[in-house]
Amino acid sequence: MNAKKILSTLLTSCALLLGASAAQAAYPEKPITMVVAYGAGGSTDVTARMLAPYIEKYLGGGARIVVMNRGGAGGEIGFAAIADAAPDGYTIGFINTPNVITIPIERQARFSLDRLDALVNIVDDPGIMTVHADSPYKTLGDLVEHAKANPNTITVGSTGVGSDDHLGMLLLQKQAGARFTHVPFPGSAENYRSMLGRHTQVCGQNLGEGLRGKAGGDAVRILGVMSNDRWSMAPDLPTFKELGYDITMVSMRGIGAPKGLPADIRAKLIDAVTQAANDPEFQSKAKETFQPLRILGPDAFTAELKQLDADFRVLWRDFPWLK
């Protein structure tokens, strides 16, 4: 090869390297869509809108994130929107347990867990049961006693079939020998408003949203929390285990993306989301809004989702929640 060809080859290689470097540095060149698989005003939506500015901060370069609510079908529409998106880093979104796991178990879903890339978990929020302050059910025992004596007369709202709220209710039915009437909603905000308006008698929800409601002056009563131990943000709330029911049910909420992201973009997103979640200002806001944080990197997040998938498949085999 003569000197001219060698020089030409070197110049081409340098140009390619510089181009690749520039492309990497340029991401994101356009707004990133953050999909929330539930309606506006719910717990996931609150977390998403609070976290987005901090992800923008750590991505740098004038990054902009647009939160898009794609509620419906218990989260399936939103999860499918993430899974179906081009794996280019411009569509990310929250994936929520147990729905992201239970939906493909219970039916032919428009997405599957292996089509989603779990990047960083943010929240781990235990389930609760909430009633209006003027409800005749002062305790969980009162609720169960009435449901046993009057099957299917108490309505319990949830965020959909196979949601943590729904599964918690079914486990309580099984252990207590009671029967409730399940009322699914497209999101937690609609579920909560129904209970506040006395259209449903019980709201199966998560601790964070229940505590936000109480702090905001809502006249509600929380009957118990489905965690192993009393939560530090609500030390006076008894666990279901303390009340005689061995029920632990939580909702993990983390950032996911379609499988197949370029390695450099994936690394940049993971780094930015991790820094955002650990930002002292974000953590302070999360505490103020009663969001139980549990930050997990991609390996730990993925491992936990796989374990939950195995656990829920056993539960489905022994106790199918959709009939």
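Me: What makes F79 count as buried?
Reply: In this predicted model, F79 has a relative accessibility of 0%. The cut-off for buried is under 20%, so F79 counts as buried.

Me: Why is Y38 called buried?
Reply: The relative accessible area of Y38 is 7%. Because buried means under 20%, Y38 is assigned to that class.

Me: How many aromatic pairs does a search of the whole structure find, and why is the pair of Y38 and F79 called edge-to-face?
Reply: The search of the whole structure gives 6 aromatic pairs. In the pair formed by Y38 and F79, the ring centres are 6.3 Å apart and the planes make an angle of 75°. Rings pair if their centres lie within 6.5 Å, and planes over 60 degrees apart count as edge-to-face; therefore Y38 and F79 form an edge-to-face pair.

Me: Which parts of the chain does this pair link?
Reply: Y38 lies in the loop between β1 (32-36) and α2 (43-59), whereas F79 belongs to helix α3 (residues 76-84). The two residues are 41 residues apart, and the pair links distant parts of the chain. Y38 and F79 are also joined with F111 into a cluster through ring pairs.

Me: What makes the pair of W316 and W321 edge-to-face?
Reply: The ring centres of W316 and W321 are 4.8 Å apart, with 70° between the planes. The centres must lie within 6.5 Å and the planes over 60 degrees apart, so the pair is edge-to-face.

Me: How do you know that the charged end of K30 sits over the ring of Y90?
Reply: The charged end of K30 is 4.8 Å from the centre of the Y90 ring. The distance criterion is within 6 Å, alongside a limit of within 35 degrees of the ring normal. K30 is listed as sitting over the ring. The charged end of K174 likewise sits over the ring of F319, 4.8 Å from its centre.

Me: Why is helix α9 described as oblique to helix α10?
Reply: Helix α9 (residues 263-278) and helix α10 (residues 280-288) pack at about 60°, with axes 5 Å apart. Roughly parallel requires under 35 degrees and roughly perpendicular 65 to 115, so α9 is oblique to α10. A276, A277 and N278 of α9 meet P280, F282 and Q283 of α10 in the contact.

Key:
Residues are numbered from 1 along each chain as its sequence is written. This is a predicted model: local features need pLDDT of at least 70, side-chain atom pairs count only at pLDDT 80 or more; totals for chains, interfaces and linings use all residues. Side-chain values use heavy atoms; hydrogens and water are left out. Rings of Phe, Tyr and Trp (its six-membered ring) pair if their centres lie within 6.5 Å; planes under 30 degrees apart count as stacked, over 60 as edge-to-face and the rest as tilted. Helices (H or I, at least four residues) and strands (E, at least two) are DSSP runs, numbered from the N terminus. Buried means under 20% relative accessible area, exposed over 50%, partly exposed in between (1.4 Å probe, protein chains only). Axes are lines fitted to C-alpha atoms, for helices over the stretch in contact, and angles run from 0 to 180 degrees between N-to-C directions. Angles under 35 degrees count as roughly parallel, over 145 as roughly antiparallel, 65 to 115 as roughly perpendicular and the rest as oblique. Contact means heavy atoms within 4.5 Å.
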